[in-house]
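Colleague: Please walk me through this model. I want to know what stands behind each label you use.

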Amino acid sequence: MKALKRAIILFATFGVLLFAKSFMGRAAAAEASAGAIYYVRFSGQGLNVYADPSLQGEPAAVLPDNTYVQIILGPLDFLVKIRVYDTGLEGYADMRYLRRLDAAVFDYDVYTYEELEEDIAQLQARYPELLHVNITGQSADGRNLYELILGNTAAPRHMLVQAGIHAREYANPYLVMEQLEQCLYYYDCGYFHETSYRELFENVAVHIVPMVNPDGIALSQSGESALRSPELLQTVRSCYAYDRAAGRTKNSYERYLQRWKANARGVDLNGNFAPGFGLDTKATQPSYAGYPGAAPFSEPETMSLGAVTLLCRPCVVISYHSMGEVAYWNTAESRYTEMNRMFSSYMLSLVPYKRMGSGTASGSYLDWIYSGDAPVCSITFETGDTDCPFTLAHYPKIWLEHSLVMQAAAAYAYSHAAE
Ligand SMILES: [Zn+2]
């Protein structure tokens with residue numbers, strides 16, 4: 001918690017210095033969000049509103065959760081100037097505690113594939129110029145595999161964010177969708193450091209694969225009833241029989257399915273790449289976790305993520321997993337260790353997770369992107385501090401840590417990453 005506070009102070013202080021430079025006398029900058037109503041959330045003891053943009057000293061007001069406010073300037077990093085809807089009081093606050101009342105991506109407990117599809121349709125309708133939606137394939141159980149592109153599809157640089165490759169880690173698809181919506185609704189008024197969101201995303205297109213493994217996620221969330229295909233149902237039952245017999249699980253069938261990581265064919269998608277395919281095999285046949293498949297890219301989900309990656313040639317890649325509040329940044333065989341050391345240090349100054357060591361190749365997505373011809377900076381965040389799947393109760397902390405990751409990574413891609 002201390003490290004998190006430090007990171008916030010670091011960014012907030014930096015923000016304040018630039019706020020004066022970038023914003024004073026630019027009231028029109030906030031035009032895009034003018035009129036929109038926001039509410040306070042995740043504040044705990046209430047959201048402090050300060051007279052001064054340094055967010056120091058005695059707060060002018062403390063707003064309880066669900067207080068309505070309007071944003072009249074910003075955000076710049078974490079900082080916004082707000083007007084309290086009822087009282088008209090104006091002051092400065094931390095934008096991470098504010099949520100638009102008409103947000104499309106809404107607080108969830110179990111964020112399903114169906115909700116994801118609804119949110120994609122709503123965001124596409126609201127921001128047709130800023131968001132492009134591609135269906136890049138279909139899962140074995142007939143669900144669409146999506147790629148969302150934020151910003152200029154013809155941008156000189158591209159970055160990629162992927163989440164939900166492991167079924168039970170389904171808090172992360174929700175997180176990336178909320179990150180995306182925030183970038184969209186502050187597109188014309190937000191700044192990250194010295195750069196406007198518009199400039200950022202016109203120069204760095206963000207390719208988001210929000211739910212790599214929709215079948216596995218549906219299975220983890222809803223059990224057997226989620227599956228449409230009788231063949232896949234049979235596969236899943238065989239997995240349980242195998243894992244029980246092999247001593248790989250002692251769980252009840254219901255709990256076993258909740259703890260599912262693989263796709264509905266029993267393939268652990270984060271072992272279905274190369275190099276290192278099959279070298280760290282924990283299961284020799286389809287299973288809830290650890291079976292890498294018959295061959296690299298044998299699954300529609302990895303084909304789809306692979307194709308998105310090859311087509312957009314990202315210079316920065318963010319991968320979301322859970323749990324442990326740790327970050328993987330390098331592999332033993334990586335060709336890009338030095339550039340990644342810099343990039344991961346930059347990202348870890350924002351998200352204060354523990355840096356992990358470099359494993360040898362095991363067919364993971366990271367192994368694959370680090371073996372490619374194109375230099376790439378990447379970090380894998382493991383969100384949450386409790387076993388998966390976890391509930392909404394664990395989400396506020398994740399949001400506070402990760403709310404600016406998309407902007408920060410885009411800013412890095414814009415200013416640092418290799419062409
Ligand atoms: Zn994972």
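The talk below goes from the whole chain to single residues.

Modeller: One caution before we start: this is a predicted model.

Colleague: How is the protein chain divided into domains?

Modeller: Into domain 1, residues 2-100, and domain 2, residues 106-419. Those bounds come from an automatic or database domain assignment. The two centres, taken over C-alpha atoms, are 30 Å apart.

Colleague: What share of the contacts joins residues at least 24 apart?

Modeller: 77%, among contacts between residues at least 6 apart in sequence.

Colleague: Which residues have the most contacts inside the largest nonpolar core?

Modeller: Leu150, Met159, Val204, Val206, Ala409 and Ala410, in a core of 123 residues. Helix α3, residues 171-185, gives the largest share, with 9 residues. Domain 1 and domain 2 each supply at least three residues to this core. In soluble globular proteins, nonpolar side chains tend to be buried together.

Colleague: What is leucine 150 in contact with, beyond its neighbours within four places in sequence?

Modeller: Leu130, Leu131, Leu180, Cys183, Phe201, Ala205, Val206 and Ile208. To count as a contact, two C-beta atoms must lie within 7 Å.

Colleague: What is the order of the open sheet of 8 strands?

Modeller: β8-β9-β13-β10-β14-β17-β15-β16, with mixed pairing.

Colleague: Why do β8 and β16 stand at the edges?

Modeller: Each has a single partner strand, so one side of each is left without a neighbour in the sheet. Helix α2 lies across β8 and β9, running at about 145° to β8.

Colleague: How do you know that β10 pairs with β13 and β14?

Modeller: At least two bridges are needed for a pair. β10 and β13 share 6 bridges, in the parallel sense. Here methionine 159 stands opposite valine 206. β10 and β14 are joined by 5 bridges and also run parallel. Glutamine 162 has serine 319 of β14 as its bridge partner. Both counts pass the cut-off, so both are pairs.

Colleague: Which sense does the pairing of β15 and β17 take?

Modeller: Antiparallel, with 3 bridges.

Colleague: Why is β10 called largely enclosed?

Modeller: Because 6 of its 7 residues, in the stretch 157-163, are buried.

Colleague: What makes α5 mostly covered?

Modeller: Of its 9 residues, 8 are buried. They are Pro214, Asp215, Gly216, Ile217, Ala218, Leu219, Ser220 and Gln221. The cover over them includes α2, α6 and α7. Just after α5, glycine 223 takes a positive phi of about 75°.

Colleague: Is alanine 361 buried or exposed, and how do you know?

Modeller: Buried takes 20 or more C-beta neighbours within 10 Å. Alanine 361 has 21, so it counts as buried. It is found in the loop between β16 and α10. Beyond its neighbours within four places in sequence, it is in contact with Pro275, Gly276, Leu279, Thr331, Glu333 and Asp367. From arginine 126, alanine 361 is 235 residues away in sequence and 42 Å away in space, C-alpha to C-alpha.

Colleague: And glycine 247: buried or exposed, and why?

Modeller: Exposed takes 12 or fewer neighbours. Glycine 247 has 7 inside 10 Å, so it counts as exposed. It is found in the loop between α6 and α7. Its C-alpha atom and that of asparagine 263 are separated by 21 Å, at 16 residues apart along the chain.

How values were computed:
Residues numbered from 1 in each chain as written. Predicted model: local features only at pLDDT ≥ 70, side-chain atom pairs only at ≥ 80, totals over all residues. Core = buried A, V, L, I, M, F, W, Y, C linked by C-beta atoms within 7 Å. Helix = DSSP H or I, 4+ residues; strand = E, 2+ residues; numbered from the N terminus. Axes fitted to C-alpha atoms, helices over the stretch in contact; angles between N-to-C directions.
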